[in-house]
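I opened my notebook to look around this structure one piece at a time. Here is what I looked up, in the order I wrote it down.

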Amino acid sequence: MRTLRARLTPYALVLPGGLWLAIFFVIPTLVMLSLSLQSGNVVDGFAFTWNWHSYVDGITTYHNQIVRSLLYGLSATIIQIVIGFPVAYWIAFKGGSRKSVYLFLVLLPFLVSFVLRTISWQFLLSDNGILLGPLKSLGVLPQDFHILATPYAVIGGLSYNFLPFMILPMYVALERIDPRLLEAAQDLYASKVQTFLRVVLPLSLPGVFAGVLMTFVPASSDYVNSSVLGGTNTTMIGNVIQNQFLVNQDYPVASALSFTLMALLLVGIFVYARALGTEDVLEVAAR
Amino acid sequence: MNRGLFRGRGLQIYTWLVIAWLVVPIAVMILFGFNDTKGRFNTVWQGFTFKWYGRLFEIDALTQALINSLVIAVLTMVIAGALGSLIGLALGRYRFRGSGSLNLVMFAAISCAEIVMGASLLSFFVTLAVPLGFWTIVISHVMFSISFVAVTVRARVMTLDSSLEEAARDLGAGPWATFRLVTLPMIFPGVLAGSMLAFALSIDDFVITNFNAGGTVTFPLWIWGVTRVGIPPQVNVMGTIIFVVGLLIAVSNIVVSRRRRNA
């Protein structure tokens, strides 16, 4: 009796949350897959017809936006690694007793709404705003200089908004490195650069991978930054999906595009997850 | 002791510059909550004033949006906090068939693009003709928060010693008494951290909410709606208050955990 009860306990614990995830996460994904293969419209209703046209139409019409999203996401991710790695390194190795304080400062942006942060950048970068205005009146910049509505503004916004997600996992990986390994490398007459390249860098890679995972996905699927900071020629796939779903209500094409985006991102993620082991990534993600 | 390879003075300055970059938009938001602006656009500095703090709740739709956000965040915190903690407890304590698929689903939920989650949930609601609104927002927020809570609690559970629970049972405590008097107090820091994470994720969420809100407006959605017309200073003030409250909670958290470590 007791053993049966003991065996059922974990299932009882998991049941309510597991059901919630099954009904509102797993099933909706399948529903969207089905919707992407249906034809029809909002007024007359939709019917399942193995309508692959939504994929063909969606991808041929919006391939520019798809490629642009992946490029912007990739650029932002690389910028974040370059900007974030030295910060993570310094906090992990030199932060001393104030490590948690520095980490906290890095996480400060999360205390302000994502939309509000992005709007704050729009304000800072506006054509005659508090940054560009003075520079223009001093003659440092030409009068028609602008940053908003350019890819630089969008990529900059993406890099800003997700940077803490990059620094955090890199920090976790760097912090775990045993300092005795560095001493050992030096005792074996490795130069500082060699020690860095052959000890620190390889050991920090799981953190970098986790950071890439946590920033590339939200960055390349984002539509807030390109709406607020971008213009008509910086439209990303997220803008298209949002518009097709919420404005045009062309659900099949919108679903097909979301599914394409998901497939592109998932392939990448599972390659990563395989390489690292799911548990590890989840653990780093939890911190 | 000198840890690390480099002396690090340059790196220190660099780190502070990056932190400054991260903080600049926040500082601007706070500053312009004190701007004595006359027109619709709060973009040019026109002198210092406290008046927006006094007239904080003057815009009814904005106040309602903030209330909606807070209520939804509290509901999410309670529901996702409970369901996620139970999953975390099960995953951290027991080995059972199916735990692998559960981990996989949670991993997918954590790493899935928000827009895909929001879009598929909308497809689901549209297909079933569920009216969008307050409750569909709550459902979506609980959905994306559960995994984060579960992972946080699991991490806590795995550090604990299960022999304490065995001892409680040997001393005659039933399963419920063991849970309430031994297990729960031990995992409580994890439950609290996970629930607070759920609250924070919920109150800040824009993308998934945008898809599943129907006519209900939350704080981020309201701001989004007025972006092109101009953001009233009340938004800056509310943003500042949320920031300061979050800051106080986080700082007290750090202080308490420091004191505990030193004690």
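This is a predicted model: local features need pLDDT of at least 70, side-chain atom pairs count only at pLDDT 80 or more; totals for chains, interfaces and linings use all residues.

**Entry: a helix in chain B.** I began with H5(B), where 12 of the 14 residues are buried, so this helix is largely enclosed by the rest of the structure. For "buried" I used this cut-off: 20 or more other C-beta atoms lie within 10 Å of the residue's own, while 12 or fewer makes it exposed and anything in between partly exposed, with C-beta atoms placed from the backbone. Helices (H or I, at least four residues) and strands (E, at least two) are DSSP runs, numbered from the N terminus.

Residues are numbered from 1 along each chain as its sequence is written, and chains are lettered from A and ligands numbered from 1 in the order in which they are written.

Back to the helix: H5 of chain B covers residues 114–127 and reaches 20 Å from its first C-alpha to its last, close to the 20 Å expected at 1.5 Å a residue. That expected span is 1.5 Å times one less than the number of residues. Among the buried residues I found Glu114(B), Met117(B), Gly118(B), Leu121(B) and Phe125(B). After H5(B) comes Ala129(B), and its phi is positive, near 55°.

**Entry: chain B as a whole.** I found 11 helices and zero strands in chain B. Its C-alpha trace spans about 70 × 65 × 35 Å along the principal axes. Of its 263 residues, 43% are buried. I also looked at contacts, meaning pairs whose C-beta atoms, placed from the backbone, lie within 7 Å. In chain B, 83% of the contacts with a separation of 6 or more join residues 24 or more positions apart.

The UniProt record, an unreviewed entry, annotates residues 66–253 of chain B as "domain: ABC transmembrane type-1". I kept in mind that such annotations may be inferred rather than shown by experiment; positions follow the numbering used here and feature names are shortened. This span is 81% helix and 0% strand, and its end C-alpha atoms lie 25 Å apart.

**Entry: one residue.** Is Arg259(B) buried or exposed? It counts as exposed, because it has 9 C-beta neighbours inside 10 Å. I located Arg259(B) in helix H11 (residues 233–262) of chain B.

**Entry: chain A.** Here I found 12 helices and two strands. The C-alpha atoms fill a box of roughly 80 × 75 × 30 Å along the principal axes. Buried residues make up 47% of the 287 in this chain.

Not counting residues up to four places away in sequence, Tyr171(A) touches Ala88(A), Ile91(A), Ala92(A) and Leu103(A).

**Entry: where the chains meet.** How many residues does the contact take from each chain? I noted 77 from chain A and 69 from chain B. Helix H1 (residues 2–36) of chain A gives the most to the side of chain A that touches chain B, with 19 residues.

Methods:
Two residues are in contact if their C-beta atoms, placed from the backbone, lie within 7 Å.
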